[in-house]
Amino acid sequence: MKTITRIQLPKKQAVLYSDGVLFENVLLISGMLPTDSDGQIVGLGDAAAQAEQVFKNIEAVLLEAGGSFSDIVKLNIYLTNIEDRPVISPVRQKYFGHDTPASTLLEISRLAHPDALLEIETMAYLG
């Protein structure tokens with residue numbers, strides 16, 4: 001039997017949105033924006049502060065599903081300015097160390113919130 005569990009963090013979200021979906025041993029974490037528990041953008045204009053908040057949001061979903069950063073096998077990072085890559089790299093390394101997952105980094109023209117500088121989605125294996 002296949003079980004799909006939708007994980008919703010206690011914060012204001014868009015309709016028809018799940019922070020994460022757990023399908024058997026695979027946790028898919030939706031694109032996380034740098035929002036606090038009230039849905040407000042954190043670190044306006046500061047890519048490092050926004051990356052820190054995004055990773056905290058990812059961590060909350062991981063914990064809710066019984067996982068940790070060591071379970072992440074895929075990471076997709078979307079930046080509105082590719083020049084922010086060296087700014088967010090130390091934040092990323094703080095959470096992953098040298099044991100980094102398969103990764104993609106893209107520059108995109110804009111995100112769902114105009115003040116967001118980045119969005120990150122992940123896939124974790126909890127097996």
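In which loop is Gly66 found? Select Gly66: this residue is found in the loop between α1 and β4. The model is predicted, so local features need pLDDT of at least 70 and side-chain atom pairs count only at pLDDT 80 or more, while totals for chains, interfaces and linings use all residues. Residues are numbered from 1 along each chain as its sequence is written, and side-chain values use heavy atoms, with hydrogens and water left out.

Remain at Gly66, which takes a positive phi of about 85° just after α1. Gly66 counts as exposed because its relative accessibility is 65% (exposed means over 50% relative accessible area, buried under 20%, partly exposed in between, with a 1.4 Å probe and protein chains only).

Now display the whole chain as a cartoon. The protein has 2 helices and 6 strands (DSSP runs numbered from the N terminus: helices are H or I with at least four residues, strands E with at least two). From the N terminus on, their order is β-β-β-α-β-α-β-β. Of the 127 residues, 40% are buried.

Select residues 47-64, which form helix α1. Its 18 residues should span 26 Å at 1.5 Å a residue, and the end C-alpha atoms are 26 Å apart, which agrees (the expected span is 1.5 Å times one less than the number of residues). At the N-terminal end, Asp46 caps α1, with a side-chain oxygen 3.1 Å from the backbone nitrogen of Ala48. Among the buried residues of α1 are Phe55, Ile58 and Leu62.

Then select Leu27, Phe55, Ile58, Leu62, Phe69 and Ile120, which touch the most other members of the 26-residue largest nonpolar core (a set of buried Ala, Val, Leu, Ile, Met, Phe, Trp, Tyr and Cys residues joined through side-chain atoms within 4.5 Å). At least two residues of this core come from each of β3 (26-32), α1, β4 (72-79), α2 and β6 (118-125). Helix α1 gives the most, with 7 residues.

Finally, select Ile77, Arg85, Ile88, Ser89, Arg92, Gln93, Ser103, Thr104 and Leu105, the lining of the second largest pocket. The elements that give two or more residues to this lining are α2 (85-96) and β5 (102-107). The largest share, 5 residues, comes from α2.

Definitions and conventions. A polar contact is a pair of N or O atoms within 3.5 Å; within protein, one must be able to donate a hydrogen and the other to accept it, and residues adjacent in sequence count only if both atoms are side-chain atoms. On a 1 Å grid over the protein atoms alone, a cavity is a set of points where a 1.4 Å probe fits but cannot get out, and a pocket is an open set with protein on both sides within 12 Å along at least five of seven lines; lining residues have an atom within 4 Å of a point.
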